[in-house]
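Thanks for coming. I will walk through one model this morning, and I will keep it short. Please have a look at it first.

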Amino acid sequence: MAKTILILRPSKDMAAAAMTAVERFQKVSGMELTVYRQNINQAADAIEAGKIDIIFTATTMERSEANVFIGCLERSKSFPFIIASPDNAEKLMSAIPADKLCKAKNDFSLEFIFACLRNLLTPSNYKLDARYFKSILTSVMNVVHRNTQLTLVPSQVTEVKAEESTETIAAVMTFYGDGIYGSLTLLTNESVLKKFGQTILFLPPEQVDRELGMDLLAEITNQIMGVMRNELRDFGWTLKTSLQIVHSGDHFLNKDTAPGASFKLPFKLDNEKFDLVLRYTTYQVSMQEIEINMDNRMAHIMDVRLLNLAMDVCQSTLRGSFGVDARRQGIHAAMTKPHPTEAVYVFHAGGWQGEYTLAIEMDYATAQLLAKRVKKQDGEDLEDSETQIRVFSTMIQKMGQEFNRLSKQFGYSFEQVYSGAAFSDSAFHSLIRSPGYFLQVPFVIGASRIVLCLGIRSDYAAPLFDAWPLVATMPGFTQEPAAS
């Protein structure tokens with residue numbers, strides 16, 4: 001669908017930057033754009049007819065000109081997005097909805113104009129084209145070869161439905177921001193990790209144990225995500241990486257249950273499996289997100305309201321899903337190293353104000369006990385791990401969705417980035433790294449115990465709400481900073 005851009009009375013430099021940005025956006029998006037470079041009198045009819053999608057106004061408007069502009073907008077059949085300089089924004093603020101007005105804090109450079117076009121005009125559920133995947137494939141091959149001198153052999157990229165994986169190694173890294181969010185999952189086996197240990201650390205295979213192999217895979221996944229971000233940046237997408245998960249074991253099921261399109265990028269490494277699954281969803285970026293990105297906020301605050309909300313939601317979900325009362329125990333620093341577990345269920349969400357991770361860990365017996373309370377009437381075989389995953393995937397989804405809903409009362413707006421489940425009747429090793437502050441909160445259910453793992457990072461809340469100084473001084477609490 002064609003879109004129309006209006007640049008009100010641009011300077012010569014701004015006009016040149018805007019046209020270059022438009023040409024670049026058309027090439028990467030395939031979308032047709034029409035550009036008007038006019039004053040308010042020339043553009044009045046088009047504005048009132050609702051034919052303008054985005055208006056850039058950097059040159060200072062006199063009050064009379066601003067009044068004419070406001071009058072045109074009030075008569076318009078639909079409000080366009082307006083990107084205004086600070087002084088122009090002040091004149092327009094009272095007449096324009098907050099979700100339609102962006103107060104630009106920097107100059108109207110090519111990069112800024114392009115970012116506005118990319119963020120505001122890319123539709124939800126936009127499909128990445130073949131150029132994206134080709135560049136990612138090449139980059140992944142280069143990363144592995146640079147680190148290991150081993151050669152990956154790629155196969156055809158295919159779109160797949162969300163599926164369970166039974167590989168002995170699974171690594172997940174999530175990303176979000178700038179209109180896109182999703183996850184990159186790497187599926188392989190222990191033999192590949194031992195080869196990595198030999199080529200990267202020059203160790204004999206028998207010395208590459210599970211924990212060392214997981215650390216190696218986490219680092220390789222980091223680098224793969226780094227080059228993927230660089231490649232997508234060339235197409236106009238600026239991403240933040242967030243949650244990282246690595247699971248390793250002899251037998252477990254792993255499944256990404258979040259919405260979005262999934263594509264498998266399969267490779268062979270000396271005839272061993274080394275597959276990537278890229279899942280993503282695009283969304284319409286808000287004006288607030290554009291403004292917050294211009295601020296480059298870096299504060300990491302543990303908003304006490306979100307901390308309390310997470311614990312309340314955990315208790316209420318356990319009560320609603322299983323009819324059990326969970327008693328909260330103390331707050332501890334979370335483990336950010338590989339550790340044995342039998343069941344892990346994760347929900348991760350992010351947005352322009354920050355991000356959070358909710359994860360539940362428990363043993364096999366506790367999962368059986370809770371699942372029986374849900375499935376006792378339908379006669380399903382509770383030994384089936386697929387059934388277990390379905391029960392607890394629903395539980396963690398409820399927790400995350402309720403958290404997203406209730407957090408709006410504090411001004412937060414989160415998008416689901418990832419939800420996943422890993423389950424085995426024998427222990428596997430798990431590693432979860434979440435940016436910001438990462439805590440563990442044990443809950444007791446009768447004679448059983450589950451652990452809520454909670455990661456929180458907010459650059460939106462005022463320091464008044466920062467609970468970290470209090471939490472970090474609790475008796476018995478040892479600070480272990482989470483990955484950033």
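Does Ser 413 count as buried, partly exposed or exposed? At 37% relative accessibility, Ser 413 counts as partly exposed; buried means under 20% relative accessible area, exposed over 50%, and partly exposed is in between, with a 1.4 Å probe and protein chains only.

Before going on, the ground rules. This is a predicted model, in which local features need pLDDT of at least 70 and side-chain atom pairs count only at pLDDT 80 or more, while totals for chains, interfaces and linings use all residues. Residues are numbered from 1 along each chain as its sequence is written, and side-chain values use heavy atoms, with hydrogens and water left out.

Back to Ser 413, which sits in the loop between α12 (385–407) and β20 (415–433). Helices (H or I, at least four residues) and strands (E, at least two) are DSSP runs, numbered from the N terminus. Leaving aside neighbours within four places in sequence, Ser 413 is in contact, meaning heavy atoms within 4.5 Å, with Gly 350, Gly 351 and Gln 353.

Next, helix α1, residues 12–29. Its 18 residues reach 26 Å from first C-alpha to last, close to the 26 Å expected at 1.5 Å a residue; the expected span is 1.5 Å times one less than the number of residues. Buried residues in α1 include Ala 21, Val 22 and Phe 25. Just after α1, Gly 30 has a positive phi of about 75°.

Now the cores. A nonpolar core is a set of buried Ala, Val, Leu, Ile, Met, Phe, Trp, Tyr and Cys residues joined through side-chain atoms within 4.5 Å. The largest has 91 residues, and Phe 56, Ile 83, Leu 117 and Phe 196 have the most contacts inside it. Helix α8 (residues 210–234) gives the largest share of this core, 10 residues. Apart from it lies another core, of 51 residues, with Phe 347 and Phe 403 among them.

Which residues does Leu 117 touch, leaving aside neighbours within four places in sequence? They include Ala 21, Val 22, Phe 25 and Phe 56.
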